[in-house]
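Trainee: I would like a close look at one part of this structure. Please take me through the aromatic rings.

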Amino acid sequence: MKKTLLTLLFAVAGATVLQAQHFAYRADFSFFFDNLENSVPWEPTRTYLAAALRPEVGVVFDKHHSFMVGANLIQNMGDSARLTQTDIIAYYRYRSRNFNGFAGALPRDYSIAHYPNSFFRDDLYFYRPVIQGVLLQYLNRKKTGYVEFFLDWYGLNNELRIDEFMLCASTEYAFLDRLLLIGANGQLTHYKNDYKLQDSYLLERAYYNLYVGTDLTSVLPALQEARISFGLLSSMEHKRVLDTETSWRHAPGAQLDIAFRWKGLGLSNSFYFGDKQHFYYQQYGGDLYWGSPFYQSGRYNRTDISYLWKNRFFRIKADMAFHYDGRKLSTQQLLTLGVRLHQMLVRGRAVHID
């Protein structure tokens, strides 16, 4: 009798689950152009021209739970017939009114935070599109503040005793109809790989950004963006050789950010002044340092003139950036195109994930 009852209960539960489940899909295409000129000695002059396709399929249960699998496929223009880069995507997501939680290998564009360029440079979002670990987000009910945390474990080899991971946290809260903004960003990178470091086996870096600012769109409604912020932008890093630790190198600094956008046309400027950051960049390069190499100069100004157009299906942004390190001017041209293919597909019982 008990076995029969249990069998019946499992059958009812299974039927309920099947009825509550929906097939889900998400598909995005992106095109990326990035041309940097006159950037020596901070970074070699280079050009990136690539396309990416990211298909995902999965299941949604009870509107709150979903599981997705897919891949991010990157092809550099002019490369061989084989794909340049393939990143596996497989993640679980819990979604509620104020909380988002992800676990697995998930697309980086789920992040809602705005990290400074000293943390992440422009091309990183295209060529490092997957967070491997955990992403947690909280948004308050008034939508005036958020907290985000993620762990990205991007290097692991137990046989060689290699582990490389990053912890990031971000928060921002708005007051007085967004006329007052208070925020912070933090990043800790643990890089334990003596095969790449060569002269040591561990390099640890910590970046922190504390700022206050204002959003003037409430008093200037014609503008799509009107934001000014100022705050600390600093870092620390040190190496470890066997059991001997070097002292932490501190690089205190500050940054002023201004951004305005009207009918798609944008003008922004970031001015950093302080100690030189990314101390070992010239030794290890951009594979280890994910931030903009211009912060090595210690006094750095970036001005962007851009145009952004988007609708339900497309997002196109053209950007002309000017980098000035106090001695010479470097230029950068950027073009990004994003197509939300899943918005174009006909939906029946299936749902698309945003």
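Are Tyr115 and Phe120 buried or exposed?

Mentor: Tyr115 is buried, and Phe120 is buried too. Buried means under 20% relative accessible area, exposed means over 50%, and partly exposed lies in between (1.4 Å probe, protein chains only). This is a predicted model, where local features need pLDDT of at least 70, side-chain atom pairs count only at pLDDT 80 or more, and totals for chains, interfaces and linings use all residues. Residues are numbered from 1 along each chain as its sequence is written, and side-chain values use heavy atoms, with hydrogens and water left out.

Now the pairs. Rings of Phe, Tyr and Trp (its six-membered ring) pair if their centres lie within 6.5 Å; planes under 30 degrees apart are stacked, over 60 edge-to-face, and the rest tilted. That rule gives 23 aromatic pairs. Tyr115 and Phe120 make an edge-to-face pair, with 5.5 Å centre to centre and 80° between the planes.

Arg108 lies over its face, 5.9 Å from the ring centre. A charge sits over a ring if NZ of Lys or CZ of Arg is within 6 Å of the ring centre and within 35 degrees of the ring normal. Likewise, the charged end of Lys239 sits over the ring of Tyr280, 4.2 Å from its centre.

Last, take Tyr154 and Trp290. Their ring centres are 4.8 Å apart and their planes meet at 40°, so the pair is tilted. Tyr154 is buried, at 16% relative accessible area. Trp290 is buried as well, at 3%.
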